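Hi everyone, thanks for making time this morning. I'd like to walk you through a model I've been looking at, so let me put it on the screen.

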Amino acid sequence: MDDFQGKVALVTGAARGQGRAHAVAFAERGADVVICDRCEDSAQVFYPLATEADLAETVRLVEATGRRCIAVKADTGDRAAMDALVARAESEFGRIDIAVANAGVSVASPIQSMTSAQWDETINSNLTGVFNTLGAVSPGMIERGYGRIVTISSMLGRAGNTNMVAYAASKWGVIGLSKSAALDLAGHGITVNVIAPGNISTPMIHNDALYSLMRPDLDAPTAEDVAPVFQSLHAQPVPWLEAEEISRAVLFFAAEASAHISGTVLPIDAGNAARVT
Ligand code: NAD
């Protein structure tokens, strides 16, 4: 696997789930890591978000590899907080070479009953958060003439689904934002690529609210009960994938050698990509 010795990687939403997997994967390959997470629940999100204890656990896992870690409780929707995080990382670690805009939420409701607050939360975390992350890291990357940026969309960034107006809009938006940023940054040694995951086994999909939405016929559906419904969203016979599968692609795009791959969207969705254009 590629060597990230001497590199500094920023990962947002890294207190748990995919973000934690990416942070640890970078540290295991020699990078120092900068992470943030809001570490607070949202009234609009019907499952618990990460906690400060989760963020501390990611720090522990990164430091166990022998690498350094800056961890901050910050909401990616807050531009000033993202600018402050980047300024601190550049001052303490010298630079940010790699940025993974991973933080996000899932808010499920049909168009006829989705509230403005639910819409705003989803767009703020999933789209404005990506804008803020890229906006905060790109000036330093331009100055140094080097950067690898990876954004996280979804298979709902290329399709629609019931209850997913805000989520799908935010994830389609991430693709448009990333392709445009790839062009803005193309002359500065900076690449921007998108990963569009299928169902990934994290608390975003393993929670009572989503389980009940997927199996309204059951009182307290279990993972076993919802697995066939999740599986129907994939083409291959697998309900969900592990976060480490996404990390492998993040590492690929983040590698120095991936210098001439930019503006692409890579689906990692157990074959569902075959169903969409
Ligand atoms: P997760 O809920 O386990 O992790 C998301 C993390 O982001 C949490 O720690 C949460 O606290 C944090 N977060 C949320 N909003 C934030 C904000 N505004 N500022 C800072 N931190 C914030 O879920 P995950 O599966 O690891 O999600 C990672 C990314 O992958 C998200 O962008 C998500 O939309 C995307 N994704 C997930 C799936 C899936 O099936 N799990 C599928 C496609 C895409």
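This is a predicted model: local features need pLDDT of at least 70, side-chain atom pairs count only at pLDDT 80 or more; totals for chains, interfaces and linings use all residues.

As a general point, most residues other than glycine have a negative phi. N163 counts as partly exposed, because it has 17 C-beta neighbours inside 10 Å.

There is another residue of this kind to show you. A270, which is not a glycine either, has a positive phi near 50°. You will find A270 in the segment after β7, which covers 265-268. Is A270 buried or partly exposed? It counts as buried, because 22 C-beta neighbours lie inside 10 Å and the cut-off for buried is 20 or more.

Now to the ligand. The shell around the ligand is made up of 30 residues, and the closest are G13, G17, A50, G104 and M204. By class, 14 of the shell residues are polar, 12 are nonpolar and four are charged. Three elements each supply at least two residues of that shell: α1 (17-28), β2 (32-37) and α4 (116-144). The largest share, three residues, comes from α1.

How many of the 12 residues of α1 are buried? The count is 11, so the helix is largely enclosed by the rest of the structure. Among the buried ones are G17, R20, H22 and F26. What do they pack against? Their partners are β1 (8-12), β2, α2 (52-63), β4 (98-101) and α8. Just after α1 comes G30, with a positive phi of about 105°.

Let me zoom in on one residue of α1, namely F26. It counts as buried because it has 30 C-beta neighbours inside 10 Å. Setting aside neighbours within four places in sequence, F26 is in contact with F4, A9, A31 and V33.

Beyond its neighbours within four places in sequence, A9 is in contact with F4, F26, A31, V33, D97, I98, V100 and A254.

Next, have a look at α3, residues 79-93. It has 15 residues, which should span 21 Å at 1.5 Å a residue, and its end C-alpha atoms are 21 Å apart, so the two agree. Which residues of α3 are buried? They are M82, L85, V86, A89 and F93. Seen down the helix axis, these fall within an arc of 95°, so they line one face of α3. That buried side packs against β1, β2, β3 (69-73) and α4. The face turned away carries the exposed residues A80, A87 and S91. After α3 comes G94, with a positive phi near 95°.

My last stop is A249, which is found in helix α8, residues 243-254. A249 counts as partly exposed, because it has 18 C-beta neighbours inside 10 Å. Not counting residues up to four places away in sequence, A249 touches I195, L266 and I268. A249 and F4 are 245 residues apart in sequence and 14 Å apart in space, C-alpha to C-alpha.

If you take one picture away, let it be α1. This helix supplies the largest share of the shell around the ligand, and α1 is also largely enclosed by the rest of the structure.

Key
Residues are numbered from 1 along each chain as its sequence is written. A residue is near a molecule or strand if its C-beta atom, placed from the backbone, lies within 6 Å of it. Helices (H or I, at least four residues) and strands (E, at least two) are DSSP runs, numbered from the N terminus. Ala, Val, Leu, Ile, Met, Phe, Trp, Tyr, Cys and Pro count as nonpolar, Asp, Glu, Lys and Arg as charged, and the others, Gly among them, as polar. Two residues are in contact if their C-beta atoms, placed from the backbone, lie within 7 Å. The expected span of a helix is 1.5 Å times one less than its number of residues. The arc is that of the directions from the helix axis to the C-beta atoms.
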